Number of protein chains: 2
Amino acid sequence: MSHFVVAVHCGAGYHSTQKEDAYVKLCKSACLKVYHLLEKGRDAVECVTEAVKCLENSVLTNAGMGSNLNINGFVECDASIMEGKKLVFGAVGAISGVKNPVEVSATLVSRQLGDKLSLGRLHPSVIVGEGAEKWAEENEIKTLETRHLITDEAQKTYQNHKRKLDIVNERDSNKKRKLTQQRNDKTEESFDVQEEEEKIQDTVGAIVMDTSGNIASAVSSGGISLKQLGRLGPAATYGAGCWAYNQRPGKPGVGTSTSGSGEHIMKTFLARESALSIQCEDNASLGLSNCFKNNFLESEFLEEEEDKLAGVLALRQNEDNIVELLWGHTTDSMCVGYMSSSLQKPKVVMSRLPDGGVPGKSFTMSGVSI
Amino acid sequence: MSHFVVAVHCGAGYHSTQKEDAYVKLCKSACLKVYHLLEKGRDAVECVTEAVKCLENSVLTNAGMGSNLNINGFVECDASIMEGKKLVFGAVGAISGVKNPVEVSATLVSRQLGDKLSLGRLHPSVIVGEGAEKWAEENEIKTLETRHLITDEAQKTYQNHKRKLDIVNERDSNKKRKLTQQRNDKTEESFDVQEEEEKIQDTVGAIVMDTSGNIASAVSSGGISLKQLGRLGPAATYGAGCWAYNQRPGKPGVGTSTSGSGEHIMKTFLARESALSIQCEDNASLGLSNCFKNNFLESEFLEEEEDKLAGVLALRQNEDNIVELLWGHTTDSMCVGYMSSSLQKPKVVMSRLPDGGVPGKSFTMSGVSI
């Protein structure tokens, strides 16, 4: 049997210790499910789709069911897949009413790999909004009323955030009547959407290497709480959310899947840049840390940002067929699970910034050869 | 008076000789309008927006009014702007019912450059579909019924293309009943959407360097004829449609604006990669031709594509403040106009592949120091 690997993450962000066991259980079950598919010889795109579907179907994650609600109080999801053989990418953005957004991405990839369209037209690689929903229906992807994606917890969080927003908005409009609004209002800090007890980890994702050595990676996300209607995040953005590249002569295979603060990840093309950095260094860890240092924490594209929040899960397939799995993050925590043909059972790591580490400014990294 | 430059393109694709005069006139009038704004000291983002608005408002171009119609027979537009000082990007995708899509991008850029949102939320950089339309309305951007963007010519072309599609679809379904469908059906060629007499140049765009040396670039597009509802193209994709980077110590300033076959431009991040390539070579022309050769015509991301169709308009600001303007394309033609503080009147070049050049396979390039 050829070597195969599945790795998942349920986001880089903040994972409460109370829910840690539940996250661990979720990652294990996703890895195990995909392990059995890989064992049967299923391909990387199918397997990475199944891995992300498991994560989307859990109410614990900010993807599919249980996603954060947007400013209008409903769910809009982004998801994408890239496969490393033909280097095809498929993404769906701002979609409501589809149970598993990653399935839309998988179908977009499969269409691009299949027959060409008539009349010289090209298959789309990214589709969004209502058009994407219609496309999903036409392609027999399970749709449902968007309200069925809203969990009680997401609704509660939304109401809480919305109430705070209303207070801030009212206070601001009062203030405007009285004096020029101060740009950095200290009292606002107590209303931060990202309060400790409510912090929800962001985009989830997975990377798979199948028995033929094909690599595919994926991400899925409900986006940030109270987001603007129609806002597109990194999970729908080529080069930002996921990257995959099969091994080629002189180049190791690589897959990456990112999570964290959307606009930061997009501005720095974090999935692509971390993959390229990991590919071009002899030492994969050095590649990942170089990327986080030069291309993220010290990026000129993020000069205006105080806290730079992201996590990357990465897989490198070396010429000797040894696979290295790496994860690094500047967020409080990142939850990573993995399983391979050489392991007896799935492993899960809840990686946390070490003592003294400052989220948005410090970076921690770990990895394993499997 | 400090040096300033405006350059526009009304697409890389196919420009009929019959309409050449009209394209020339359009480019001249856009350049002149923006020249007068630059002369008054207006900034790069405002000026690049005005340049693209001129192009969008013309029924000649596939942007704004007169855009190609999608498969459902209406207009959905993409547009984006990047500015080189703070490196901020704003894009709108799959939007109907806005007269000037590029105005939405400009407002997204301006919001990101302005005050932060309350509650630790970030301004979006990309918004799509109905959510984008609502955002445009809230931000006092001129909206209109989508039918007002449809010109008689676009409607005629749509009906013609749709009729051909219906014939092909019917033939295919008949064939399926009889025999396995052949993957490459030779008879289909006669029905290519991109027939000579109907070929419409793609995405339009502009690049501006203002009197302070700030660079901004932009693109706007109605997308390909009969496109899938909700399909997002390069004009809404970060790194694909436009790129801008002000001069910094040891690095020349650069702006790019692309046009051509959407999925090819997206897959190769053509705006960003051409900008980086132009920045890193002493000779700007070598930078652009290297990018077209290595990153486009021979790109491993386009291995499956027979014809690789794109054009790039690029501006490089050297340390001696000399500005080089370059354009290169693999399409039949590309129409470029420019004007600067050192020129008496706007210039327009209708660049065509030289005799023997094969669209999608050959590359031609030209440029000027201004």
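**Sheet and aromatic contacts in the predicted model**

In chain B, B:S80 stands opposite B:V219 of β6(B). The model is predicted, with local features requiring pLDDT of at least 70 and side-chain atom pairs pLDDT 80 or more, while totals for chains, interfaces and linings use all residues. Residues are numbered from 1 along each chain as its sequence is written, chains are lettered from A in the order in which they are written, and side-chain values use heavy atoms, without hydrogens and water.

Strand β2 (residues 77–83) and strand β6 (residues 215–221) of chain B pair in the antiparallel sense over six bridges; strands are DSSP runs of E with at least two residues, numbered from the N terminus, and two strands pair if DSSP finds at least two bridges between them. In chain B, an open sheet of eight strands with mixed pairing has the order β4-β3-β2-β6-β5-β1-β11-β12. Its edge strands, β4 (126–128) and β12 (347–352) of chain B, each pair on one side only.

Over all chains, 19 aromatic pairs are found; rings of Phe, Tyr and Trp (its six-membered ring) pair if their centres lie within 6.5 Å, and planes under 30 degrees apart count as stacked, over 60 as edge-to-face and the rest as tilted. The ring centres of A:F301 and B:W243 are 5.7 Å apart and the planes are at 45 degrees, so this pair is tilted. A:F301 lies in the loop between α8 (284–297) and β9 (310–317) of chain A and B:W243 in strand β7 (residues 242–245) of chain B, so the pair joins two chains; helices are DSSP runs of H or I with at least four residues. Ring pairs link a cluster that includes A:F89, A:F301, B:Y238 and B:W243.
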